[in-house]
Amino acid sequence: MTARILPAEEWPRLDALGFADIWPTWTPDDVRVCVVEDEDGQITDHWVAIRFWHVEALHVHHPSAALRLWRIMTRTLKELGASVAWTGALPQDAVTKDFIDRMGGQRLPMDHFVMPVNQEAACHSSR
């Protein structure tokens, strides 16, 4: 088994892993694809570090005003040099999720976690 950073010219290999719609949006300066390959060179495990803006605390109460919020946020993100941003909505907030969908948001089929990286690695047992 070999662990390495997958160079950008090999990112098309990620198509077979379900990343076909995602990796073309990445830029090599902002992404590191960490992989483990088996003895045959097949990717068995992967984890991707992506540097991008996370926009938080989105709340759409008045759908008629949401487009104004969208315009100012996209203008702000473009000024910051962002081409994509990560955001979310509470599971019960149908209005905000509908807004994100209408603005071209792509749903990700996963749970999300905040992980510490500034401490020694520790294995925590699940209880």
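Is W11 buried or exposed in this predicted model? At a relative accessibility of 4%, W11 counts as buried, because the threshold for that class is a relative accessible area under 20%.

**View 1. The aromatic pair formed by W11 and W26 is edge-to-face.** The whole structure contains four aromatic pairs. In the pair shown here, the ring centres of W11 and W26 are 5.5 Å apart and the ring planes stand at 85°, so the arrangement is classed as edge-to-face. Both W11 and W26 lie in the loop between β1 (2–6) and β2, and the pair therefore ties together parts of the chain that are 15 residues apart in sequence. W26 is buried, with a relative accessible area of 10%, and W11, at 4%, is buried as well. Ring pairs also bring in F19, so that W11, F19 and W26 are linked into a cluster.

**View 2. F52 and W86 form a stacked aromatic pair.** The two rings lie 5.5 Å apart from centre to centre, with 20° between their planes. This pair links distant parts of the chain, 34 residues apart, since F52 is placed in the loop between β3 (43–50) and β4 (53–54), while W86 belongs to strand β5 (residues 85–86). F52 counts as partly exposed at 29% relative accessibility, and W86 is likewise partly exposed, with a relative accessible area of 28%.

**View 3. T96 is a buried residue of helix α2.** The helix comprises residues 94–102, and T96 has a relative accessible area of 0%, which places this residue in the buried class. The side chain of T96 makes a polar contact of 2.6 Å with the side chain of D93. Leaving aside neighbours within four places in sequence, T96 is in contact with L58, H59, V60 and A89.

Note on methods: Residues numbered from 1 in each chain as written. Predicted model: local features only at pLDDT ≥ 70, side-chain atom pairs only at ≥ 80, totals over all residues. Heavy atoms only, no water. Helix = DSSP H or I, 4+ residues; strand = E, 2+ residues; numbered from the N terminus. Buried < 20%, exposed > 50% of the residue type's maximum accessible area, 1.4 Å probe, protein only. Polar contact = N/O pair within 3.5 Å; in protein donor to acceptor, adjacent residues only side chain to side chain. Contact = heavy atoms within 4.5 Å. Phe/Tyr/Trp six-rings, centres within 6.5 Å; stacked < 30°, edge-to-face > 60°.
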